[in-house]
Amino acid sequence: MSQFEEIGNLPLEALKKILKEKSLNVSDERTVWNVIVRWLKFDLPDRLRFVPELLKCISLEDVDEPLVNDIIFHNLIQENNFCQELIFGELQDTAHLQNFRTILDSKSNITGSRIPTNLHLIIH
């Protein structure tokens, strides 16, 4: 079984539990975003509704502007009816990074930077 299949076969709750872990040992939050994208693409039509929920698993303390722009302008966000309010409502004509952080901060499950205390790996 490939790593793609292993990630894709995870149930939503298991994926969220892993990604929300403050001790998750990742080089940056782009890795978390890439795992979210892989999981979504495994069963794309049925999983699009979970995008807003999975975005809450990204640590805001560790997000940089290029990643925010990549997320905001990714087709999984832009073409997703479940994200339309986020994109066309709250983010329209504003500073993307600050607004994205403000929106997610009010909904995020992760506060502060990730600090690995245990070994949790995501290989992509």
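Q: In this predicted model, which residues does I36 touch, not counting residues up to four places away in sequence?
A: I36 belongs to the largest nonpolar core, where I36 is among the residues that touch the most other members. With residues up to four places away in sequence set aside, the residues touched by I36 are L19, L54 and I58.

Q: Which element gives the most residues to the largest nonpolar core?
A: The core has 27 residues. Elements that give two or more residues to this core include α2 (12–19), α5 (51–55) and α6 (65–72). The one that gives the most, with seven residues, is α3.

Q: Is K16 buried or exposed?
A: K16 is found in helix α2. Leaving aside neighbours within four places in sequence, K16 is in contact with E53, L54 and C57. Buried means under 20% relative accessible area. The value for K16 is 9%, so K16 counts as buried.

Q: What is the relative accessible area of I77?
A: I77 is found in helix α7. The cut-off for a buried residue is under 20% relative accessible area. I77 is buried, because its relative accessible area is 1%.

Q: What separation do the C-alpha atoms of I77 and L48 have?
A: Along the chain, I77 and L48 are 29 residues apart.

Q: Which residue lies over the face of W39?
A: W39 is one of the core residues that touch the most other members. At 3.9 Å from the ring centre of W39, the residue over its face is R47.

Conventions. Residues are numbered from 1 along each chain as its sequence is written. This is a predicted model: local features need pLDDT of at least 70, side-chain atom pairs count only at pLDDT 80 or more; totals for chains, interfaces and linings use all residues. Side-chain values use heavy atoms; hydrogens and water are left out. A nonpolar core is a set of buried Ala, Val, Leu, Ile, Met, Phe, Trp, Tyr and Cys residues joined through side-chain atoms within 4.5 Å. Buried means under 20% relative accessible area, exposed over 50%, partly exposed in between (1.4 Å probe, protein chains only). Helices (H or I, at least four residues) and strands (E, at least two) are DSSP runs, numbered from the N terminus. Contact means heavy atoms within 4.5 Å. A charge sits over a ring if NZ of Lys or CZ of Arg is within 6 Å of the ring centre and within 35 degrees of the ring normal.
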